[in-house]
Amino acid sequence: MAITSPSTRLWWNEPAHRSELIWIALAFVWGLVMFFMMIYWHATGAQNLANETYRTTPNAYYAKVERNVADWQVRELNGLPVIKPPAGADVYLLGRMWLWYPVLELERGQTYRLHLSSLDLQHGFSLQPININVQVHPGYDHVLTVTPDRSGEYTIVCNEFCGLGHHTMLGKIFVVDR
Amino acid sequence: MSEIEPAPDQEPLRIPFMQRVLDNHFLLLFLGVVVPTVLYIIWGILELVQIPVAP
Amino acid sequence: MSKTVYRTCPTTGLRIDLSAQALIKANAVAAVVFLAIGGLFGLSVALTRWPAVHLLPADWFYLALTAHGLDVLLLWIIFFEIAVLYFASAILLNSRIAAPRWAWAAFALMLGGGLVTNVAVLQGQSSVMFTSYPPLMAAQHFYLGLILFAVGALIGCFVFFGTLVIARDEKTYQGSIPLVTFGALTAAIIAVFTLASGAIILIPTWLWSIGLVSNIDPLMYKLVWWAMGHSSQQINVSAHVAIWYAIAAMLFGAKPLSEKISRTAFLLYILFLQLASAHHLLVEPGLSSEWKVFNTSYAMYLAVLGSMIHGLSVPGAMEAAQRARGFNNGVFQWLRKAPWGNPAFSGMFLSLVMFGFLGGISGVVMGTEQINIMMHNTLYVPGHFHGTVVAGTTLAFMAMSYLLIPLVFQREVAFPSLAKWQPYLFGLGVAGLSLFMMGAGTLGVARRHWDITFTSAPFDFNYPPTAYLLMGLNGMAAIAAALGGLMFIVIVVKSVFFGKPVRDRITLAAPSGQPISAAVASYGSAGTLRIPGTLVLVGVFFTAFVLYYFVNWKYLSEVWPMR
Ligand code: HEM
Ligand SMILES: [Cu+2]
Ligand SMILES: [Cu+2]
């Protein structure tokens, strides 16, 4: 029994049953499939998270965000600036308690270098309704190269607990047709 | 440690290598701590300390 | 040192060290108390997330969620695991327990630490979630309590190792340790890594909360913290798999299909299971995809291989034992004739099935590097782990309790007809919790979130209407789970403190009437073994796994391109 010592002294030499061995082989191969699937997707898939990250400071990062706003602001929405960066630009988005700043207007089918960082706590960048979720850290500038492929209004929900106002922390990204 | 007393009229049992490993609890403890420490923690820390400063 | 006092168990004939028995009792009772507290917090959280009920105000919600995570995930689970370690070493090896005074000191540290952290949370200044990610800072004693708890649990693990040494030196067993003890050894090894990582990261964080350290790097913290946070879940897995084997043995006299294969599966756990701590860092900046892919896959899914082996060999062992007893008709007579009215069996079997189908599949899928982008920090995550640690571990621990009550506490299980239904009600509720939260998560609903209607946000946003429906259903499932949990608590408290003493030999075995000691003597000689029912079960499992895996890649391919 499993609660007593093995009855055979040399249990390692006992033969195993065929069905168990087949199951092991199947599970092992399936593991390899799943493992190589991730690598395959890096080579051929379109959705992979970037590894591009830089060390930064809240002040340095904030200065870049402000420069974006000065250069590209097109209007205001609920008191927040809306910026429309040119295609291919480095776009700096910040999370802070309890705001995503600024609002972005992007063109469908264009590619942008979207930077994410925080000025205070960790936040969760959760883009709805397409459900892209990325963790945002203070002190680190994480660069995603994204290509919005459908136009519409997208909402950034904060999905990392960031204090009592966490559930009020929303931002917007508009994707417009060219 | 996993030597099993041989019956008087028998040769001492030769315990297979893997059975010896699985019976060696402190070897397992060593492996179970070292493997994740190296592959997960140390490798991870090495990557984190190499993050470049933003231009 | 005082002399060891033993009693002889009338049922198994084992010699039981009374101080080991007292330690098992103390740890198990503490575990159940924290389950009761934590479960209540869990219910209040679920009722708050039910939009139509929205029970708690925001500050209380975050407090309750922090307390829920701590009390159930750390305190209930680890206290019970320490009890399991002592049981699997001292009792199953027929040995005295090593250093009982140290074991009591460990218990005191764990209890004191757990209480201190609970007080810190209830005082309101430490609603930081049990993960306490910096720069979010809790009160000093929040961290101090956790450190004391971790040190205590670590001492408990070393008492287990000490007991293994004593049993070997005093030759209380022949040959190798039992498979169940080997599973417990796996849990203890992982626990050493886990608790050491916890202490390593929480001590500087504590110093930071006092002001002695100026800065804790949030990424570094997360890396090391999850070496504790996730590996502790791997302790659970090892412990509840050991319990599956134990219950199969105690109820059916089941013998492992193959000692070699089951132990190798545990070895895969020892080597690779802990790497999966990377599951929590898949959408983090700063770590390379190489690191993520290698670690999240437990080195090419070798630990998943281990779990899939247990998934065959646990039901397989029961099937073989049942067939050896004559339940040989058709593919599933062995299962139909299983003791479904015995909560130790039903709890164990539900745990096995739900852990595989709900927790296991979703965990592997969500732990895929790229697929995680669609799930990180959504309700999918708690949906997944209520399938693992609640449906899997908690239910297995409950099932085990129904055997520990007569064997270790020497009491009859009170309210037997209630006990019969308890695993079903709890299991049903938890299955609901798990599925509904996963469903809401695929619709994007955030975890740890007080208000999914965003009433005081600067913009308008609504999740799809189905999300509201799912959150309502989730609330109802929570009520069922909480009732099932309450039944368990009532049964345990009544049995342990007011139960009828058991003096004689008891029958644990299946209704066929064959008692435990008439163990199925031998089967599994590779030629004759037949387990067709188990093969059907694992075939269904495998199909579901493959389909669900590729469906999620399909969803991923529809997301914005990014690199
Ligand atoms: C009556 C039974 C239970 C109910 C109704 C319940 C319900 C919930 C709900 C609704 C959440 C919140 C999800 C969110 O808002 O993010 C949650 C979180 C959680 N639950 Fe449970 N749960 C129960 C039992 C358990 C048990 C037994 C465990 C562990 C053994 C557990 C572990 C957790 C953990 C670790 C979290 C995450 C806390 C966090 O995000 O910080 N739960 N539970
Ligand atoms: Cu936030
Ligand atoms: Cu937040």
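The model is predicted, with local features needing pLDDT of at least 70 and side-chain atom pairs counting only at pLDDT 80 or more, while totals for chains, interfaces and linings use all residues. Residues are numbered from 1 along each chain as its sequence is written, and side-chain values use heavy atoms, leaving out hydrogens and water.

**Where chain B meets chain A**

- Eleven residues of chain A are in contact with 17 residues of chain B (contact means heavy atoms within 4.5 Å).
- The two chains bury about 1300 Å² between them, 66% of it on carbon and sulfur atoms; this is accessible area (1.4 Å probe) lost on being put together, summed over both.
- On the chain B side, B:Gln19, B:Ile51 and B:Ala54 lose the most area to chain A, together 36% of what that side buries.
- Eight residue pairs, both at pLDDT 80 or more, are in polar contact between chain B and chain A (N or O atoms within 3.5 Å; within protein, one must be able to donate a hydrogen and the other to accept it, and residues adjacent in sequence count only if both atoms are side-chain atoms).

**A look at C:Tyr463**

- C:Tyr463 counts as buried because its relative accessibility is 2%, where buried means under 20% relative accessible area (1.4 Å probe, protein chains only).
- The side chain of C:Tyr463 reaches the backbone oxygen of C:Gly444 at 3.4 Å and the backbone nitrogen of C:Ala446 at 3.3 Å.
- Leaving aside neighbours within four places in sequence, C:Tyr463 is in contact with residues including A:Gln128, A:Val157 and C:Phe454.
- C:Ala440 is 23 residues from C:Tyr463 in sequence and 9.3 Å away in space, C-alpha to C-alpha.

Conventions. Chains are lettered from A and ligands numbered from 1 in the order in which they are written. Buried means under 20% relative accessible area, exposed over 50%, partly exposed in between (1.4 Å probe, protein chains only).
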